[in-house]
Amino acid sequence: MSHLSPLLKQSSGILAARGEGAWLYDADGSKYLDFTAGIGVTSTGHCHPKVVAAAQKQVATLIHAQYTTVRHPGMLALTDRLYEHLPAPLDSIAFSNSGSEAVEMAVRLARHATGRSNIIAFTGGFHGRTMAAASLTTSINKVRTGFHPMMAGVVHSPFPHAYRYGWDEEEATRFCLKELDHIFLTQSAPEDTAAMIIEPVQGEYGYYPANTAFMQGLRERCDRHGILLITDEIQAGFGRTGRFWSHAHFGVTPDILITAKGLASGFPLSAIAASTALMSKGLPGSQGGTYGANAVACAAALATIDVIEGENLVENAKSTGAHLRRRLEELKSGFAFIDAVRGMGLMHGMEIVDAEGQPDGELAGNLLKAAERHGLLLLRCGTHGQIIRWLPPLVITGGEVDEAMTKFSAAAESLA
Ligand code: PMP
């Protein structure tokens, strides 16, 4: 009998013993092409030698130094390196351990800095599982059911999910911005609204990129009303979409940017970035926790940035991402159960439908299991579990993408 809590249920039967690059090895020696990347975390691949070396060196030097007491060289160096990639005026960085905690930091900073209470989040957004982060989240009931009441002061405004509405992108965007303006008149007056938080490319809800008109519409309303714009780039940031930050696709700059996942190649580390002026409106000691800016995680993050820069991984996310997209569109032409392919860079989702064109979570689940039998590890998401996600590490090659397609096609044919 396993003593592992059933709360920590796995979607695959794999006992992951070892990882190398885009590959995971089971304890019995079976190998899997890993298109989950630990849910977008192992951006440099499993156990990149440079990340391993940096972490090993750091473990032998200093494992933990508490950041409210002392600084350590890694955290300072990391702020400098992150700063090089941040848009002006974001020049100040605070660390935490997980995505959810960083979301909490951003929300708390926004409330503190503006003296306002309300946060507008967008439908389908996923921001984490802690209470505040879950309160902002509407990607799926599971994060909220049984946990009510959620945090007060959160209002949800529609995100332009054109596919789900059956509208075109322009129509969906116009509707969503109108609804947002209506929310200002009915539920959250601008003078009560501290911030809007958005994933510029939604992850867990099913890989929906926002668009320029929508993001600029948000930025313009934030500027007009003194509201802070927070971009949650925990999944879509750090090179994944083919730009270093996902907001950069849409010609807007956030006031607070949140990053985690790919930041440290698997070590627990997250961060928020804002201008020094904005950060100065927070209270020292009011944020973060014991383990924030852990020295080993910071060393791994520095090595991660070295690898991303040295191996042109942002460019790879763009070019190999375009190849992945082409290959997924080919799959769509070949299999009637694939209704749509969406995403950006190395972050794509595939809508699985039944013969009537309805979301088919059962088939998506069977496809995932069949893919696993063929040596390909995938994830799924969506309200019906109907979206198959393609989320490889940023080191993925065109050849490995092709191999994944061969495995997926064989898996799909095995179910026919
Ligand atoms: N925001 C986004 C966009 C995410 O994808 C996730 C994790 N899937 C989170 C927040 C929460 O991060 P964590 O699980 O590290 O708390």
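## G38 and helix 1

G38 sits in helix 1, which covers residues 37-40. Helices here are DSSP runs of H or I with at least four residues, strands are E runs of at least two, and both are numbered from the N terminus. G38 comes out as partly exposed, with 18 other C-beta atoms within 10 Å. For that label, a residue is buried if 20 or more other C-beta atoms lie within 10 Å of its own, exposed if 12 or fewer, and partly exposed in between, with C-beta atoms placed from the backbone.

A quick word on the model: it is predicted, so local features need pLDDT of at least 70 and side-chain atom pairs count only at pLDDT 80 or more, while totals for chains, interfaces and linings use all residues. Residues are numbered from 1 along each chain as its sequence is written.

## Helix 4

G99 is one of the buried residues of helix 4, which runs over residues 99-114. Of its 16 residues, 12 are buried, so helix 4 is largely enclosed by the rest of the structure. Besides G99, the buried set includes S100, E101, E104, M105 and L109.

The length of helix 4 checks out too: at 1.5 Å a residue its 16 residues should span 22 Å, and the end C-alpha atoms are 23 Å apart, which agrees. The expected span is 1.5 Å times one less than the number of residues.

## Helix 11 and its partner

Helix 11 has 22 residues and reaches 30 Å from its first C-alpha to its last, close to the 32 Å expected. Its buried residues are L313, V314, N316, A317, T320, G321, L324, R327 and L328. They pack against helix 10 (295-310), strand 13 (338-344), strand 14 (347-352), strand 17 (387-390) and helix 13.

The axes of helix 11 (residues 313-334) and helix 13 (residues 398-415) come within 10 Å and cross at roughly 20°. Axes are lines fitted to C-alpha atoms, for helices over the stretch in contact, with angles running from 0 to 180 degrees between N-to-C directions. The two helices are therefore roughly parallel to each other (angles under 35 degrees count as roughly parallel, over 145 as roughly antiparallel, 65 to 115 as roughly perpendicular and the rest as oblique). On the helix 11 side, the contact uses T320, H323, L324, R327 and L331, and on the helix 13 side G398, V401, D402, M405 and F408. Contact means C-beta atoms, placed from the backbone, within 7 Å.

Most residues other than glycine have a negative phi, and most peptide bonds are trans. Two peptide bonds to look at here are the cis one from A88 to P89, with omega near 5°, and the cis one joining H148 and P149, with omega about 0°. P89 is in the loop between helix 3 (73-85) and strand 4 (92-96), and P149 is in the loop between helix 5 (131-136) and strand 6 (154-157).

F238 isn't a glycine, yet its phi is positive, about 60°. This residue is in the loop between strand 10 (228-232) and strand 11 (256-259), and it is buried, with 31 other C-beta atoms within 10 Å. A293 also has a positive phi of about 60° without being a glycine. A293 lies in the loop between helix 9 (276-279) and helix 10 and counts as buried, with 26 C-beta neighbours inside 10 Å.

Terms used: Contact = placed C-beta atoms within 7 Å.
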